[in-house]
Amino acid sequence: MGTCLFRQAYYFIKQTFAFSGDVLEDTEFMKDEVLNRFTEVFGEKPGARVFFAPGRVNLIGEHTDYNGGHVFPCALTIGTYAVGRKRKDRKLRFFSANIERLGIIETSLDDLTPRREAGWTNYPKGVIWAFEKRGMKFPCGLDILIKGNIPSGSGLSSSASVEVVTGFLLKSLFDFEVSNQDLALIGQYSENNFNGVNCGIMDQFAIAMGKREHAIFLDTADLSFEYAPIKLDGAKIVISSSNKKRGLGGSKYNERRKECEAALKELQRTLSIRTLGDLTIDQFEKAKGEIRDDVRRKRAKHAVYENQRTIQAVAALKAGNIGRFGELMDESHISLRDDYEVTGKELDTLVEEAWKIEGVIGSRMTGAGFGGCTVSIVKNKAVKPFIEQVGKHYREKTGYHADFYVVEIGSGPCEL
Ligand code: GLA
């Protein structure tokens with residue numbers, strides 16, 4: 001637990017574009033705050049325990065995880081705090097300190113079905129359901145309070161963070177033997193099958209397996225992975241939030257998956273491959289004529305090239321060539337813009353403005369796209385001009401205000 005406190009004492013800094021509104025989020029402070037709020041909401045009884053799971057940012061390898069390719073995400077020091085306590089009956093009561101007006105949302109272990117009116121609680125409920133599906137039955141209900149400091153809808157995986165913190169809380173309170181990797185799989189299973197979002201494994205894996213100051217080079221074909229130290233001497237990871245909300249749900253995300261699946265089927269007529277991630281660029285270029293439709297060909301091209309870019313980017317990083325890593329990030333954005341078509345005006349503007357700043361090593365959209373955030377690697381001395389200039393031009397061109405986060409790479413879930 002001591003290590004956990006040490007880890008979580010790392011902070012994130014939120015900066016407005018004028019660089020004026022620094023906010024330090026302190027874990028001890030958050031722990032007291034959520035415990036106090038829990039007592040106010042659910043009453044003072046012993047047994048409440050506090051847990052944390054991070055959010056994540058993906059450095060490169062976008063829309064490759066459901067195509068059997070590689071990804072390179074890392075956990076953040078911002079995330080979701082959860083307080084939980086067992087009950088004597090079978091009730092499940094949830095409260096979000098981020099959306100106070102919703103009050104307590106109540107259900108029971110005997111009604112584990114997704115419901116529209118249950119709103120955000122469908123995420124923790126889905127995880128409880130997924131535990132039971134794996135044979136881990138709950139003898140009693142729970143009171144759970146959640147508070148997150150990941151900007152919602154920003155593409156930094158607030159929902160996967162809720163899933164993983166819920167899983168960690170359940171395994172801890174009920175003494176289930178579940179590895180962190182299994183928590184990732186349970187989270188993804190619940191999101192796919194309870195909440196109807198057909199996401200890949202990247203987000204839950206990055207969150208459940210996060211390691212301070214390391215990114216995770218994950219092969220989604222077989223979940224083999226390695227940790228790569230991120231030592232950005234003289235540079236920072238800056239996340240720029242477009243403040244254009246992003247919804248994964250019914251939207252284009254599932255459409256892109258279907259396009260890739262259809263392209264794969266066409267390629268499988270002549271190639272014996274299991275996923276698009278099995279292909280080298282040469283193999284793809286030779287076989288791409290099998291894909292009958294231009295749009296599907298572009299989608300598959302992105303999946304294949306992005307996977308290879310991710311492998312090259314990690315090799316460049318290991319060789320200490322951060323400049324090459326940055327170039328590959330830029331190429332990733334161009335491919336997501338032109339071939340995968342998931343960027344849009346806001347993300348393109350943030351990235352194009354970032355590319356103009358002296359001292360930007362690389363910049364790209366991150367996450368699912370269609371709004372959300374970009375990730376940039378920025379030399380220390382360029383961070384201030386970056387925030388000022390990108391923020392100013394972004395507002396002029398789109399009418400939206402951008403938020404900037406200079407982030408630290410944090411660890412996976414823990415008890416506080
Ligand atoms: C979302 C999904 C991930 C992944 C990314 C795109 O974050 O949850 O599984 O597909 O989009 O790389």
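What you have is a predicted model, where local features need pLDDT of at least 70, side-chain atom pairs count only at pLDDT 80 or more, and totals for chains, interfaces and linings use all residues. Residues are numbered from 1 along each chain as its sequence is written, and side-chain values use heavy atoms, leaving out hydrogens and water.

**Colour by pLDDT.** This is the predictor's confidence in each residue, from 0 to 100. The chain has a mean of 91, with 93% of its residues at 70 or more. Now select residues 1–24: here the pLDDT is below 50, yet beyond near neighbours in sequence the stretch has 62 contacts in the model (heavy atoms within 4.5 Å).

Where they touch, domain 1 supplies 25 residues and domain 2 supplies 28.

**Zoom to the ligand.** Select what surrounds it (a heavy atom within 4 Å): among the residues there are R56, E62, Y66, C199, M202 and Y253. Both domain 1 and domain 2 give at least three residues to this shell.

**Show polar contacts** (pairs of N or O atoms within 3.5 Å). Which distance separates a ligand oxygen from the D203 side chain? An N or O atom of that side chain sits 2.6 Å from the oxygen. Next, find H63, whose backbone N or O atom is 2.7 Å from a ligand oxygen. Finish at G200, with a polar backbone atom 2.9 Å from an oxygen of the ligand.

Methods
A polar contact is a pair of N or O atoms within 3.5 Å; within protein, one must be able to donate a hydrogen and the other to accept it, and residues adjacent in sequence count only if both atoms are side-chain atoms. Domain bounds come from an automatic or database domain assignment.
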